[in-house]
Amino acid sequence: MTSESAATLRTRYVAQAASDLEENRRRQQELAERITVLKQEEALLADILNLAERYENFADASRLPEQLQDEPVAAEAEQAPAKAASRRTAPVKTAASGKTAKAGAKEKSRQPLLGDLLVDLLAKYDEPRLAKELRDELLGKHPDRNPTPQVVRNTLESLVAKGRIRRHKQQRSVMYTLVKPDSD
C-alpha cells in the first residue's frame, strides 16, 4: 500500500466518520424534540385523568362541567378536594340586592367559553391553523381574554378529544382544523 492510497483511504474514513457523527447528532436532536412532545402529551393526559377523577361522582356522567354553570352545586362542592376548595373565594352578599357579589359578577360578565371562541375562529379557515396563530387572532378579537399559549393548546387538545376539531402534524408543527359535519 502506497502512502498516497493510505492517505486517500484515511480521508474517506474521516469523511465517513464526520458524516456519521453529523447524522447521529441530527437523530439525537429529533429524539430530544420527540421526548419533549411526549412529556407535554403526558402532562395533558395526566390533567385529563385528574379531571375525569374529579367529575367521576356526578349523577349523570355524560354531563360536562360547563353544562352545570346555571345550576346550584351542592353535593359536588362537598366532594371537591380540599386543595381546590382552598383556592375559592367566599361569596360576599351585597346589601342592596341580597345577591352574592360573585353571582352578580357572573351575570354581568358572561363570556363565551375559550373552546367555543377557538371553534369560531377555526370555522373561518379551510386550511389547518397553528395554535399560536389562533391565540394571536383571539387576542386581537378579544383583548379582554389573555390565555397562555399552553391553555390554548390544552383547550385545542380537549376539542380534539371531543371530536370537534382535527389535529394535523406537519414535521414538528401541530395544526388544527374544524371537523365539518357530514352533508348527507
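This is a predicted model: local features need pLDDT of at least 70, side-chain atom pairs count only at pLDDT 80 or more; totals for chains, interfaces and linings use all residues.
Tutor: Let's start with what a helix axis is here: a line fitted to C-alpha atoms over the stretch in contact, with angles between N-to-C directions running from 0 to 180 degrees.

Student: What angle and axis distance describe the packing of α5 and α7?

Tutor: Helix α5 covers residues 114-123 and helix α7 covers residues 149-162. They pack at an angle of about 80°, and their axes are 10 Å apart.

Student: Why are α5 and α7 called roughly perpendicular?

Tutor: Angles from 65 to 115 degrees count as roughly perpendicular. The angle here is about 80°, so α5 and α7 are roughly perpendicular to each other.

Student: Which residues of α5 and α7 meet?

Tutor: From α5 come L114, G115, L118, V119 and L122, and from α7 come V151, V152, T155, L156 and L159. Sorted by class, that contact has eight nonpolar, two polar and no charged residues.

Student: Which residues make the contact between α6 and α7?

Tutor: A131, L134 and R135 come from α6, while P149, V152, R153 and L156 come from α7. This contact has five nonpolar, no polar and two charged residues.

Student: Let's turn to single residues. Why is E157 called buried?

Tutor: Buried means under 20% relative accessible area. E157 has 14% relative accessibility, so E157 counts as buried. E157 lies in helix α7, and it touches L44, R167, V174 and Y176, leaving aside residues up to four places away in sequence.

Student: What makes Q171 exposed?

Tutor: Exposed means over 50%, and Q171 has 84% relative accessibility, so Q171 counts as exposed. Q171 sits in the loop between β2 (165-170) and β3 (173-178). Q171 also has a positive phi of about 55°, although it is not a glycine.

Student: Why is T148 called partly exposed?

Tutor: Partly exposed lies between the buried limit of 20% and the exposed limit of 50%. T148 has 41% relative accessibility, so T148 counts as partly exposed. T148 is found in the loop between α6 and α7. Its C-alpha atom is separated by 8.3 Å from that of R135, which is 13 residues apart from T148 along the chain.

Student: How do you know that P112 is partly exposed?

Tutor: P112 has a relative accessible area of 43%, and the cut-offs are 20% and 50%, so P112 is partly exposed. P112 lies in the loop between α4 (101-108) and α5. P112 touches L117 and R145, not counting residues up to four places away in sequence.

Student: How many helices and strands does the chain have?

Tutor: The chain has seven helices and three strands, in the order α-α-α-α-α-β-α-α-β-β along the sequence. Buried residues make up 17% of its 184 residues.

Student: Where does pLDDT stay under 50?

Tutor: Over residues 67-97, for which the model has 25 contacts beyond four places in sequence. pLDDT is the predictor's confidence in each residue, from 0 to 100. The chain averages a pLDDT of 78, and 70% of the residues score at least 70.

Technical notes:
Residues are numbered from 1 along each chain as its sequence is written. Side-chain values use heavy atoms; hydrogens and water are left out. Contact means heavy atoms within 4.5 Å. Helices (H or I, at least four residues) and strands (E, at least two) are DSSP runs, numbered from the N terminus. Angles under 35 degrees count as roughly parallel, over 145 as roughly antiparallel, 65 to 115 as roughly perpendicular and the rest as oblique. Ala, Val, Leu, Ile, Met, Phe, Trp, Tyr, Cys and Pro count as nonpolar, Asp, Glu, Lys and Arg as charged, and the others, Gly among them, as polar. Buried means under 20% relative accessible area, exposed over 50%, partly exposed in between (1.4 Å probe, protein chains only).
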